[in-house]
Amino acid sequence: MTTTAVRGREYGYGDLSRLMSLMTGDEKHGPAATSTLDVLWVLYDRVLRVGPGSVDAPGRDRFLLSKGHGPMAYYAVLAAKGFVPVEWLSGFGAYGSRLGHHPDRVLVPGVEIGSGSLGHGLPLAVGTALGLRAQGLDEPAVWTLVGDAELDEGSNHEAIAFAGAVGLERLHAVVIDNLSATYGRAGGIAARFEAAGWSTLAVDGRDHDALYEAFSAPHGGRPHVVVARVEAKF
């Protein structure tokens, strides 16, 4: 287990539940948060090339949380990795707190977009990848974490089709599949992306090694999506 030193304290994956427990109050969207916990940890611990000292660096990887209506796991991981002070967590959702029920890119270091309204993260990630390409910045990867229910939104259909058509290789999506989509065929998420020209993998969303291997898989010339299957939302 990798740990990170933050103000003299080391935090690892085993600390995330305690960090999340510091965030109390109404409208926590607990299942939305806990469904993302392992994906977020593996990304920030083993994949993303960004840290507290490089949140504005042009060459950093970009992570866009589209599933922003349940940000507790996101905040816990950001705190564990030193982006925000752990002391902020107990104020989650309170008046004057920087940690709102939806992340705010202006208030929270390391947050790339304001999110929470379903369907925006993937289109914004496509635009981000296009912008980096236009600037000649070929190294930064763009990652977005999407909920399966968000794929009901038409904006995501357009983003999936466009990204595949123009070969946005530096674009990566992770879809949390907890069987909460209203219209999507169960088990059909990967096929939808594949039909649009994406590289696709589906793995156990709680298996850290499987997630890392899927995140690191080569996908020359194509955007890449990993469908992370977790327990069903009831």
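In this predicted model, helix H3 packs against helix H4 (residues 72–80) at an angle of about 30 degrees, and the two axes lie 9 Å apart. That angle makes H3 roughly parallel to H4, since angles under 35 degrees are counted in that class. The crossing of H3 past H4 is right-handed. On the H3 side the contact is made by Leu-37, Leu-40, Trp-41 and Tyr-44, which meet Ala-73, Tyr-74, Val-77, Leu-78 and Ala-80 of H4. By residue class, this contact holds 9 nonpolar residues, no polar and no charged ones.

H3, which covers residues 37–47, also meets helix H8 (residues 208–215). Here the axes come within 10 Å and cross at roughly 60 degrees. H3 and H8 are therefore oblique to each other. The crossing of H3 and H8 is right-handed. H3 contributes Asp-38, Val-39, Trp-41, Val-42, Leu-43, Arg-46 and Val-47 to this contact, and H8 contributes His-208, Asp-209, Leu-211, Tyr-212 and Phe-215. These residues divide into 8 nonpolar, 1 polar and 3 charged.

H5 passes H6 in a left-handed crossing. From H5, the residues in contact are Leu-122, Pro-123, Val-126, Leu-130 and Arg-133; from H6 they are Ser-155, Asn-156, Ala-159, Ile-160, Phe-162, Ala-163 and Val-166. The contact of H5 with H6 is made up of 9 nonpolar, 2 polar and 1 charged residues.

The strands come next. Five of them, in the order S3-S4-S5-S7-S6, form an open sheet with parallel pairing. At its edges are strand S3 (62–65) and strand S6 (199–204), each of which pairs on one side only. Averaged over the sheet and with direction ignored, neighbouring strands are turned by 20 degrees against each other. Strands of a sheet pair through backbone hydrogen bonds, either parallel or antiparallel.

Taken as a whole, the chain contains 8 helices and 7 strands. The C-alpha trace spans about 45 × 45 × 35 Å along its principal axes. How does the radius of gyration agree with that of a compact globule? For 234 residues, a compact globule would have a radius of gyration near 17 Å, and the chain has 17 Å, so the value agrees with that expectation.

Terms used:
Residues are numbered from 1 along each chain as its sequence is written. This is a predicted model: local features need pLDDT of at least 70, side-chain atom pairs count only at pLDDT 80 or more; totals for chains, interfaces and linings use all residues. Side-chain values use heavy atoms; hydrogens and water are left out. Axes are lines fitted to C-alpha atoms, for helices over the stretch in contact, and angles run from 0 to 180 degrees between N-to-C directions. Helices (H or I, at least four residues) and strands (E, at least two) are DSSP runs, numbered from the N terminus. Angles under 35 degrees count as roughly parallel, over 145 as roughly antiparallel, 65 to 115 as roughly perpendicular and the rest as oblique. A crossing is left-handed if the near helix is turned anticlockwise from the far one by less than a right angle, and right-handed if clockwise. Contact means heavy atoms within 4.5 Å. Ala, Val, Leu, Ile, Met, Phe, Trp, Tyr, Cys and Pro count as nonpolar, Asp, Glu, Lys and Arg as charged, and the others, Gly among them, as polar. Two strands pair if DSSP finds at least two bridges between them. The radius of gyration is taken over C-alpha atoms; the globule rule is 2.2 Å times the number of residues to the power 0.38.
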